[in-house]
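Here is a short tour for anyone meeting this structure for the first time. Keep the 3D view open as you read.

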Amino acid sequence: MRKPRTFGEWCLLLGSILTAATVLLSLIGDIVAPGNATSSILIIDGSRVEVPPLLPPLSSIQLAGKTYTFHLGTDQLGRDILSRLLAGARFVLAVAFLSTAISSLAGILLGLLSGYAGGMFDRVVSLVMDSLYSLPGLIVAIALAALLGTGLVNMSLAIAVAYIPSYFRMVRGQVLSLKAMPFVEAAKIAGAGSLSITLRQILPNTFPSIASLLPITFADAIITEAGLSFLGLGIEPPTPDWGFDLNKGRQFFLAGYWWIGVFPGLAIIVTVLGFLLLGEGLNEILNPKKWEA
Amino acid sequence: MGLKEYVISRLLLTPAMLLILLTFVFILLRVLPGDPITMLEGKNIPEDVLARRRAELGLDKPIYQQYFNYLYSLLVKLDLGQTALEKIPVSYLILTRLPATIELTISSTIIAGAIGIIVGLLSARYQYGKFPYFARVYSSIVYSIPVFYLGLMLQAYVAKPVGLPTTGRLSPINMVLADTLPVRTGFVFIDSILSGRPDILLDYLLHMSLPSLTLGIYLSGVFSRVTYLSVEDSMSQDYTQAARGRGLKEWTVVKNYGLRNALIPILTMAGLQVAALLGGAVLTETTFNWEGVGLLVYEGILKRDYAIVQGAVTIYAVLVTLVSLVVDILYAYVDPRVRY
C-alpha cells in the first residue's frame, strides 16, 4: 500500500484504523477483561467472589486462587472498568448505527419525494424540516427520550429524529439541481418515468454526499447518546453506558480516582474521532470541489 | 429594499416562524407516541388515577383542542403549566433561571469567537505552512470531546490546583447577598456592577470562568473551522492578490482583506450555532451546577416532571426564533446584498 499523500487520505487512513479498532474491540475485547461489567460479583468455578471497589489500573489480585488483572481498574462499585467500557461500546455503537440508519433512510426518502414532487407537499415538508433543523438537536432528543423512555430502540429513535433534516436538506437540494441536468432531460426524452428517473438518475448521484455525511451523523449520534445517558436518559442501570458512568462516577473522579472518569471519556473521544476523521477523509476524496463546513 | 423595510418585513415574519416552531414542538411532544403521565408516574398506575390526571392536564380532549389550549395558554396567558409536585408555575421557574443561561451563552460565545478568530487569522497568515492542518485537527478533536467530559476534566485538573470554584454561580453567602442588592435584574453581572459591589462581581467572575471556558472551547471547534475556511476563501480572491501586489504587509492583507471579508460567514455561523450552544449549555450547566434553564431540564428529568421539560423546549424554540431574527438583521446591516 502506498503512503497517504493528502490530508484527506491521512484522515481516511487514521479514521479507518480508529473505527475498525473500536468495532473490533467491542466485539472481541472480552477475552482480556475479567467480565464483571454489571456487578462486583465475579463467578469463579461456580463460586461468587466479591471484587474490591476502586482498584487502580493494572492491579492484579488473587481471587479464589487465581490471578485477575484489572487493566483499567475497578469503579466505585467494584465493577471492572474495561469490561464496562467494552459492553458500553456495543450499546453505543448499536444506538449510533440504528439512529444513523433511521435518520438517513427517512431523510433521503423525504428529500427525494419533496424535491421531485415539488408544490404544496414540498413546501410543507420543508417547513417542518427547517423548524426541526433550527431546534437544538440535543434538546429534541431529550424531549423525545423523556417521552419514549429508555432502551436501545427508543433512544435511537429520539436521536434519529434530530438528524433527519440534515439528510433531507442535502438530498432535496441535490435533487433540485440534478433535475435541471442534461442527463435527466435526456432520460425524460427517452421516455423514462418519474420513478425511474428519481431512482436511476438522481439517487445514485446523491450517494457521494450521503456517504460523507453518514460517518459524521454516526459521530454526532455517539456524542448525543453520551449526552443523553449523562443526563440519565440512557438505559436502565446497571447496564453499562459511557455517559451514565461518567455522571455516576464524577464525585469519585473529582476525589482523585482518576481512572473512573478518564477512561469512559477517552472511549467516547476515540470512537467519535474515528468516525469524524473517516467522514472528513471521505468528504475530501468524494466531493473534492466543495469542501464545506 | 432599504434596511428599514427589510427589518420591518423580517419582524412581521417572526410571529409566523414562531407559530410554526411552536406547532412543531406541540407535534413533537403530543402527537408522537409516549404519554407524559406514564412517564411521570410509571406504567402501573390505576385506570381511574390515569384518567383523572389526564383530565387535569387536558390530555383527554381532542387533539386540535389541546393544540389551541397550548397556544392560548402560552401566547395569551404566558402559562407553561405547573410542576407536578410543588405546583409551581413553570414559566416562573424558567424566568428566574433564564438570566444564568443567557450569561453563560454570551460569555462562552465571546471565548469561542476569540479562539476562532485567532485560529483563523493564524491559518490565513501561515496559509502554506503546517498551521491550517493544526486548525483542522484542533476542530476535529474539540468536536469529539463531550462537553461534560471537558467540564469534568477542567474541574479536576484546573479548578482544583488553581483553587477556582466548580459549582454554582456564586458562593453561598453571596447567593443570599445577591438577593438583597438594590438593583435586581437577575443578571448577577449587571446587578453587582450597578449596585457597586466589586466583591460579588469578582466572586461571580471566578465562578463563571470554568463553565464559560468549557462551553467556549466546545464551540470554538466549529468557529475556528468556519473562520479558517472563509478566511482562506477570501485570501484566494483577486482583491487580496491586488493588495499584495500593491506591497501591503502580509498582516495588513490578512486583517483587512482576509478577515474582514470573512466576517459575514462567521456571523451567519454564529447565529446557526445558537442551537448547538443551547444544547451544550444543558450539559455544561449540569456539570457545573450552573442554575440556568439547562440545569432545570436536568432536574425535570430526574424528578420525571414532564411539564418542566416541555416548558424548556418551548422556551428554547422561542429563543432560537428571536436569535435568528437578530442575526438576520445584523447580517443585512453588514451585507447590503441580503436586502436585495
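## Where H2 and H7 of chain A cross

In this predicted model, the axes of H2(A) and H7(A) cross at roughly 145 degrees and come within 8 Å. Axes here are lines fitted to C-alpha atoms, for helices over the stretch in contact, with angles running from 0 to 180 degrees between N-to-C directions. The crossing of H2(A) past H7(A) is right-handed; that is the name when the near helix is turned clockwise from the far one by less than a right angle, and left-handed is the anticlockwise case. Helices (H or I, at least four residues) and strands (E, at least two) are DSSP runs, numbered from the N terminus.

Which residues meet here? On the H2(A) side they include Val92(A), Ser99(A), Ile108(A) and Tyr116(A), and on the H7(A) side they include Ser194(A), Leu203(A), Phe218(A) and Glu225(A). Two residues count as in contact if their C-beta atoms, placed from the backbone, lie within 7 Å. By class, this contact has twelve nonpolar, seven polar and one charged residues. Nonpolar covers Ala, Val, Leu, Ile, Met, Phe, Trp, Tyr, Cys and Pro, charged covers Asp, Glu, Lys and Arg, and the others, Gly among them, are polar.

(The expected span is 1.5 Å times one less than the number of residues.) H7(A) bends by about 40 degrees at Leu203(A), with Pro204(A) following within four residues. The bend is the angle between axes fitted to the seven residues ending at a residue and the seven starting there. Just after the helix, Gly232(A) has a positive phi of about 85 degrees.

H2(A), residues 81–117, also packs against H5(A), residues 152–179, at an angle of about 35 degrees with the axes 5 Å apart. That crossing is right-handed too, and its contact residues come to 23 nonpolar, nine polar and one charged.

## H4, a covered helix

What about H4(A), residues 137–148? Twelve of its twelve residues are buried, among them Gly137(A), Ile142(A) and Leu148(A). Buried means 20 or more other C-beta atoms within 10 Å of a residue's own, exposed means 12 or fewer, and partly exposed is in between, with C-beta atoms placed from the backbone.

Chain A has ten helices and four strands, and 47% of its 293 residues are buried. Chain B has 14 helices and zero strands, and 40% of its 340 residues are buried. Along its principal axes, the C-alpha trace spans about 80 × 50 × 35 Å for chain A and about 85 × 55 × 40 Å for chain B.

Where the chains touch, 41 residues come from chain B and 40 from chain A. Helices H1, H6, H7, H10, H12, H13 and H14 of chain B each give two or more residues to its side. That side has 33 nonpolar, seven polar and one charged residues.

## Reading the numbers

Residues are numbered from 1 along each chain as its sequence is written, while chains are lettered from A and ligands numbered from 1 in the order in which they are written. Because the model is predicted, local features need pLDDT of at least 70 and side-chain atom pairs count only at pLDDT 80 or more, while totals for chains, interfaces and linings use all residues.
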